[in-house]
Amino acid sequence: MIKIAMIRHGKTYGNTLGRYIGVTDEPLCEEGKKELEQRTMDTVELLFVSPLKRCLETADILYPYAKQVKIPEFAECNFGEFENKNHQASTDNYQEVKDNPIYQEWIDSMATLAFPGGESPQQFKDRCIAGFDKMVDTCIRRHYRNVAMVVHGGTIMSILEQYGVPQKSYYDWRVENGCGYHLYLSEQNWKMGRREAVVESEIRR
């Protein structure tokens, strides 16, 4: 059995403003760092991370001793023209996207269209799942039994929509910054094609 701690990176300045932060490689904000510094995590054998700064910094704070393996496929979605724009109606500058006809078309599609100039939701999900498959294969091949991954909210939702038990939809797996899940994965079942990750508990601040 392989135990996996799946954690979303800490807060960035863009997160505090409700912005689409995908390929924008911004660091953690001071608030995000302070929240993470109060945490104590279980010891792991290996750490898998997105290559973006916010994940690398989170990993350094939560697991300062751990060897890091970067998985490029774990990077957040490319939001294209919506990158770094506000998407929360409660924010003062929500008008950055709300009056954009292309944005409204994307909303009307139930978020199935590709982000203009960026990735489609399915392309992003397929990429994240491929990265997770690569990670699990590494754990099986090298006999790791207790690992962690520090990634993005969208990465977590993509993987758990595909493999999570109990089964839930994409947005039902949403987590706050610095939070996540503990998963258990059967090596034998994985090899036999029964690819599932049992969600045992939540990781909260």
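**Helix α6.** I began with α6, which has 22 residues and spans 32 Å from its first C-alpha to its last. That is close to the 32 Å expected at 1.5 Å a residue (the expected span is 1.5 Å times one less than the number of residues). Helices here are DSSP runs of H or I with at least four residues, strands are runs of E with at least two, and both are numbered from the N terminus.

**Ground rules.** I noted that this is a predicted model, where local features need pLDDT of at least 70, side-chain atom pairs count only at pLDDT 80 or more, and totals for chains, interfaces and linings use all residues. Residues are numbered from 1 along each chain as its sequence is written, and side-chain values use heavy atoms, with hydrogens and water left out.

**Aromatic pairs.** How many aromatic pairs does a search of the whole structure find? I noted eleven. Rings of Phe, Tyr and Trp (its six-membered ring) pair if their centres lie within 6.5 Å; planes under 30 degrees apart are stacked, over 60 edge-to-face, and the rest tilted.

I looked at Phe79 and Phe115, an edge-to-face pair at 4.9 Å centre to centre with 90 degrees between the planes. Phe79 is in the loop between β3 (68–70) and α4 (95–98), and Phe115 is in the loop between α5 (101–108) and α6 (121–142), so the pair links distant parts of the chain, 36 residues apart. Phe79 counts as buried at 10% relative accessibility, and Phe115 is buried at 5%. Buried means under 20% relative accessible area, exposed over 50%, and partly exposed in between, with a 1.4 Å probe and protein chains only.

My next pair was Tyr163 and Trp190, also edge-to-face: 5.1 Å between centres and 65 degrees between planes. Tyr163 belongs to helix α7 (residues 153–163) and Trp190 to helix α8 (residues 187–191), so this pair ties together parts 27 residues apart in sequence. Tyr163 is buried at 7%, and Trp190 at 1%.

I also noted one aromatic cluster, formed by Tyr20, Phe79, Phe82 and Phe115.

**Charges over rings.** Here NZ of Lys or CZ of Arg must be within 6 Å of the ring centre and within 35 degrees of the ring normal. Lys125 lies over the face of Tyr170, 4.6 Å from the ring centre. The charged end of Lys168 sits over the ring of Trp173, at 4.7 Å from its centre.

**Thr58.** Is Thr58 buried or exposed? Thr58, in helix α3 (residues 53–62), is buried, with a relative accessible area of 0%. Beyond neighbours within four places in sequence, I listed its contacts (heavy atoms within 4.5 Å): His9, Gly10, Leu28, Leu36 and Val150.
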